[in-house]
Amino acid sequence: MANLQERSGSILIRLGGNTQEYAKFTTEVFEDGRITHKEDSGTTQTTETPAVLYTIDLFYMAANISGLVNVDWFLGLPFNDTSTFHLDIAELGQAILGEHLVALQAGNEPDLYGPHQKRTQPYLPIDYSAELDRLFEVVDANDKMTVKNQFVAPSISASQPEWTPELVWQTGFIDHFKDRLFALTVERYPDNNCFATFGVGRYYDPQENFHTFLTHQTVVEFVGYYGESTRLAQEAGLPFIMFETNTGSCGGFPGISQSYGASLWILDYGFQMANYNFSNALLHIGGQNVYYNPWISPPTNQSNFNEWTVGSVFYSAMIIAEAFGKSGTSRVIDLQSPSAFTPAYAIYEQGTLSKFALFNYIDDPTGANNVNASITVTGGVPASVRVKYYRAESVSSKTNLTWAGQTFGNNFEADGRLKGELSIETITCDTTANVCNIPLRAPSFALVFMDSGSESLSVGQATATFATTAHTRVRNTATIDPSVLATSNGHSGLERQHLGSTSHGSVSGASRRYEIVSAFVVLVSAAVGGFLIGSGVSR
């Protein structure tokens with residue numbers, strides 16, 4: 001999180017999703033010390049999402065995170081029972097998070113309430129609007145909620161023909177609710193892997209479909225669907241947020257979602273949303289069986305040393321945060337590259353051209369598809385530009401990913417900090433011809449800084465880091481650099497008989513202590529013998 005904050009200034013996190021619908025506050029203290037607990041919700045929806053019981057410590061934990069890193073929060077309200085709205089999460093969120101609570105989500109994917117049997121069908125946009133009216137009546141009567149106009153909606157998934165964004169807007173939704181809303185929200189994935197995970201829908205073959213994530217065209221078509229919606233949001237003075245997305249619902253796709261190619265696609269997707277005037281986008285994070293997670297903790301109940309895994313999409317989030325910067329004035333323009341495999345964007349900050357984002361989706365180790373992206377600027381190019389590259393060996397690579405020469409490490413090697421020296425390349429431009437030629441190997445991404453003195457050029461590993469404050473593992477904590485281990489001679493056969501087990505209690509320490517005492521006796525005897533022999537010689 002600190003690496004994102006270092007680049008963007010702040011971070012948005014959403015606590016919610018399908019789990020929010022049946023979420024319930026409890027004053028119970030769970031025996032294992034957890035702050036949340038799951039139980040069967042009885043849902044019939046595809047993902048079989050459980051109900052979540054949460055304690056007040058959930059909010060204190062979030063507040064403590066915001067005290068260390070500048071994180072602001074979205075919280076999801078349960079919408080399973082609109083006859084009696086449960087607003088504990090709103091009351092506690094406002095009281096404990098304060099200004100770090102951005103908004104409350106009123107309903108998650110209401111277009112799926114009917115198909116998932118959460119509502120009697122037909123359940124249409126006008127029915128959802130009526131429920132929002134009832135929600136706001138309850139909110140107005142609730143003295144514990146001091147802020148009554150910070151909500152996001154409608155958060156539709158665009159998966160039902162009766163619930164397209166245009167059909168929702170046609171009900172008068174924006175004009176009717178705009179004074180209550182912080183933003184208009186939608187949620188969408190390019191496809192789903194629900195058949196493999198839950199046996200629902202059609203089979204999706206990752207190998208056959210990987211190519212759809214290696215072209216700019218799919219991004220343009222996917223985001224262009226919301227062109228009219230973002231226009232209406234701007235007219236109403238409301239942000240427009242992609243509230244949940246990633247490479248594929250139901251956990252993503254094996255081989256694709258954690259690949260370098262997918263992270264290029266996420267980068268392209270993010271820039272394209274900015275081009276279409278989206279205000280923000282939130283990448284979904286799931287459990288350890290989810291392929292598109294930006295990071296995965298070690299498979300234990302407590303962090304091991306350097307055993308986290310940082311996924312490729314975290315590089316995407318970090319790079320795009322750096323591209324947009326901290327000013328809050330970024331404007332992004334798709335430069336309409338003639339090739340769908342080499343898209344390009346211009347990024348302006350405070351009305352001035354700041355950066356270019358350049359892609360090469362093509363996977364070709366021969367170098368035949370390496371390209372030079374030619375940049376020409378009205379008013380002339382500078383004498384030189386600085387370039388940070390995001391690289392991997394192949395679009396299918398899941399390891400050895402580097403951003404400006406630095407990496408978090410491969411699977412089970414990360415501790416949240418970038419490793420290696422920051423590497424920024426200087427490209428000399430032809431000021432006479434008004435062109436800068438930026439090399440792009442196949443595949444790669446380049447962020448070109450037009451101002452060689454830009455402060456953000458020096459950003460690598462975040463200056464603030466945070467040590468683990470709670471430890472449950474007190475044995476077997478020693479580590480060794482794998483490169484050192486690979487070249488060591490190890491122990492001899494004679495030494496192995498004296499080595500114990502790494503499992504606490506499996507080998508008695510008594511025998512080893514006896515061996516140490518015996519060795520001490522032998523050494524003393526040898527010393528005494530030497531002294532006596534010496535004395536004999538002396539005589």
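Buried means under 20% relative accessible area, exposed over 50%, and partly exposed in between, with a 1.4 Å probe and protein chains only. By that scale Asp140 is partly exposed, because its relative accessibility is 39%.

The model is predicted: local features need pLDDT of at least 70, side-chain atom pairs count only at pLDDT 80 or more, and totals for chains, interfaces and linings use all residues. Residues are numbered from 1 along each chain as its sequence is written, and side-chain values use heavy atoms, with hydrogens and water left out.

Start with helix α3. Helices (H or I, at least four residues) and strands (E, at least two) are DSSP runs, numbered from the N terminus. Helix α3 spans residues 88–97, and eight of its 10 residues are buried, so the rest of the structure largely encloses it. Among the buried ones are Ile89, Leu92, Ile96 and Leu97. Glu91 and Gln94 are buried too. The buried residues of α3 pack against β2, β4, α2, β5 and β6. Contact here means heavy atoms within 4.5 Å. Just after α3 comes Gly98, with a positive phi of about 60 degrees.

Two other residues have positive phi without being glycine. Glu109 has a phi of about 50 degrees. Glu109 sits in the loop between β6 and α4, and is buried at 12% relative accessible area. Ala404 has a phi near 50 degrees. Its place is the loop between β18 and β19. Ala404 is also buried, at 1%.

Next, the cis peptide bonds. One runs from Ala153 to Pro154, with omega near 5 degrees. Pro154 belongs to strand β7. Another runs from Ala442 to Pro443, with omega near -5 degrees. Pro443 lies in the loop between β20 and β21.

Now the charged pairs. A salt bridge is a side-chain nitrogen of Lys or Arg within 4 Å of a carboxyl oxygen of Asp or Glu. The structure holds 13 of them. Glu244 and Arg14 form one, at 2.8 Å from N to O. This pair joins strand β9 to strand β1, 230 residues apart. Both Glu244 and Arg14 are buried.

Asp140 pairs with Arg180, the closest N and O atoms being 2.5 Å apart. Asp140 is in helix α4, while Arg180 is in the loop between α6 and β8, 40 residues apart. Arg180 is partly exposed, at 21%.

Asp191 meets Arg202 at 2.8 Å, N to O. The two lie in loops on either side of α7, 11 residues apart. Asp191 is buried at 18%, whereas Arg202 is partly exposed at 49%. Finally, salt bridges with shared partners join Arg7, Glu322 and Lys388 into one network.
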